[in-house]
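Reader: I would like to go through some of the labels used for this model. Could you set each value against its cut-off for me?

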Amino acid sequence: MGFHDETKARIHQPCAACRILRRRCDNKCLLAPYFPTHELENFVGVHRVFGASNVIKMIQMVEETKREDAVKAMVYEATARLRDPVYGSAGCIYHLQKMIQELNEQLELIKTRVSELQQQKDQLLNINSVGNNIFDDFSIDFDHPMASDDPIFEFPEDGDCHWLYYK
């Protein structure tokens with residue numbers, strides 16, 4: 001086998017569909033543009049779920065400009081059906097919608113909490129700006145026995161500052 005024969009064999013490899021179906025892939029192969037050789041697993045899933053003859057019929061029913069999108073949709077649905085045979089992609093959509101609903105509920109709770117905190121902040125700012133300072137009633141009595149310079153607590157001699165001892 002010469003160099004040209006090897007090159008010719010590499011250039012015209014059968015598409016993934018023809019490889020799985022074990023048939024000869026020619027230039028007129030309807031599936032070749034949509035299932036190239038390196039995307040074997042895509043055709044395996046589509047073939048397992050829909051069957052090769054149904055895939056060909058569905059592709060033929062769609063106008064040529066929209067066939068690539070139709071094949072992508074078939075691959076997506078086949079993958080979803082293999083993962084979840086009962087619901088397929090509808091199960092994924094339902095799950096995502098449920099997550100969106102839960103996240104919206106959490107968002108509303110957070111917005112409510114932020115609003116409450118904003119109102120509390122505004123009330124505190126209003127109290128302080130009116131002159132009714134919350135610290136007006138606070139005073140220090142320096143004659144009180146607790147205000148003396150004598151320490152009430154002393155630190156132990158060993159330097160262990162974790163424990164304070166009352167005199």
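Reader: What makes C29 count as buried or exposed?
Author: C29 has a relative accessible area of 11%. Buried means under 20%, exposed over 50% and partly exposed in between, with a 1.4 Å probe and protein chains only, so C29 is buried. C15, at 3% relative accessibility, therefore counts as buried too.

Author: A word on where this comes from: the model is predicted, local features need pLDDT of at least 70, side-chain atom pairs count only at pLDDT 80 or more, and totals for chains, interfaces and linings use all residues. Residues are numbered from 1 along each chain as its sequence is written, and side-chain values use heavy atoms, leaving out hydrogens and water.

Reader: Why are helix 3 and helix 4 called roughly perpendicular?
Author: Their axes, lines fitted to C-alpha atoms over the stretch in contact, with angles from 0 to 180 degrees between N-to-C directions, cross at roughly 100 degrees and come within 7 Å. Angles of 65 to 115 degrees count as roughly perpendicular, under 35 as roughly parallel, over 145 as roughly antiparallel and the rest as oblique, so the label for helix 3 and helix 4 is roughly perpendicular.

Methods: Helix = DSSP H or I, 4+ residues; strand = E, 2+ residues; numbered from the N terminus.
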